[in-house]
Amino acid sequence: MNEDSTPQSSTEPARPASGWERELLEKLLLEALVEQRKARRWSLAFRAFLIASVGLGFALAFRPLSQEGLPGAGKVHTAVVDVIGTIAEGGEIDADTIIEGLREAVEAEGVKGIVLRMNTPGGSPVQSAYVYDEIRRIKKEHPALPVYAVVSDLCASGGYYIASAADRIFVNPASIVGSIGVIMNGFGFVGTLERLGVERRVMTAGDHKAILDPFGPVDPAEKQHVQQLLNAVHQQFIAAVKAGRGDRLKDRPEIFSGLVWTGAEGIELGLVDAVGELHQVAETVIGAKEIVNYSHRETLLDRITQQLGTSLGAALRNLSASSPRLY
């Protein structure tokens, strides 16, 4: 074999970098290091900002609402407490949140009058009664402080229960008011399980513990008992309305039948007093144009607590669907 046919290696030894190449490489590495340090500083700064923001958010969420923090508080003003939504413990609104707003308004400096801003279909008779009693207590302890109700779309059942405690009720002519009655409803599925081939097993201690079982026939004695219960709550409702409205109510038995009326019809029946909306009532009736809302505000803590509620609590709230309601 001659030398020309000898195989040559495909790789050559690395050529040492020249001066300018080494200098360029060092520059690139240095710039990469600088950029890495900048990125780390920005990351640390962002983390610090995020932690500070979260901390501030929690501080605001856990901070109780003070009267000094309300715009207009301290000046002569009209206090507003919202009664908007279904009235139920743990629901959209309940007695605790409404009463909290009322008490803050009473204790605030510069309050010339309180307006209950109402838009509710009603709800729990117990929650409504708590608020009714609180309004009556406020009127007794602060006779010079007027408490009015202003209705927008709807003030029925438990909502009207509450409004009847106010000194006066203002409505729009098209508002819906009334529904002075009590209801307990459900469904009957007698024979359904049998048709589906399902055997129902229920055990009780107490002859009537499974009262109004939807999968069994109605027991006449149990039905009579529940009707007496509803009648008793209804009479409490009627007594509260009569005590609140007094001689303004017309002597019309249908007023307490569960029917509803427009705001204009309600004026004729004595269920409500006059046409008026919030700003007009504040300025011309109370004499304090400035309005400050003392309604309870849901905080981040409230939302967290609500989300962490146990399944047992949810089940108990669902059972309230079978309780007497004023809507």
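Q: Which residues touch the most other members of the largest nonpolar core?
A: This is a predicted model. Its largest nonpolar core has 49 residues. Leu102, Ile114, Leu116, Met118, Ile180 and Leu271 touch the most other members.

Q: What about a second core, which residues does it include?
A: The second core is separate and has ten residues. Among them are Tyr148, Phe170, Ala274 and Ala288.

Q: Tell me about H2. Which of its residues are buried?
A: Ala95, Thr97, Ile98, Ile99, Gly101, Leu102, Glu104, Ala105 and Val106.

Q: What covers them?
A: The cover includes strand E1 (77–84), strand E2 (111–120) and helix H3 (125–141).

Q: How far apart are the end C-alpha atoms of H2, and what span should we expect?
A: H2 has 13 residues, 95–107. At 1.5 Å a residue, the helix should span 18 Å. Its end C-alpha atoms are 18 Å apart, so the two agree.

Q: At what angle do H2 and H3 pack?
A: About 15°, with their axes 9 Å apart. Angles under 35 degrees count as roughly parallel, so H2 and H3 are roughly parallel to each other.

Q: Is that crossing left-handed or right-handed?
A: H2 passes H3 in a right-handed crossing. The contact includes Ile98, Leu102 and Val106 of H2, and Val131, Ile135 and Ile138 of H3.

Q: How do H3 and H6 cross?
A: At roughly 25°, and their axes come within 12 Å. H3 and H6 are therefore roughly parallel to each other. Their crossing is left-handed.

Q: Which residues meet there?
A: Pro125, Tyr132 and Arg136 in H3 meet Val233, Ala240, Ala243 and Gly244 in H6.

Q: Zooming out, how many helices and strands are in the chain?
A: Ten helices and eight strands. Of the chain's 327 residues, 33% count as buried.

Notes
Residues numbered from 1 in each chain as written. Predicted model: local features only at pLDDT ≥ 70, side-chain atom pairs only at ≥ 80, totals over all residues. Heavy atoms only, no water. Helix = DSSP H or I, 4+ residues; strand = E, 2+ residues; numbered from the N terminus. Expected span 1.5 Å × (residues − 1). Buried < 20%, exposed > 50% of the residue type's maximum accessible area, 1.4 Å probe, protein only. Contact = heavy atoms within 4.5 Å. Core = buried A, V, L, I, M, F, W, Y, C linked by side-chain atoms within 4.5 Å. Axes fitted to C-alpha atoms, helices over the stretch in contact; angles between N-to-C directions. Parallel < 35°, antiparallel > 145°, perpendicular 65-115°, else oblique. Left-handed = near helix turned anticlockwise from the far one by under 90°.
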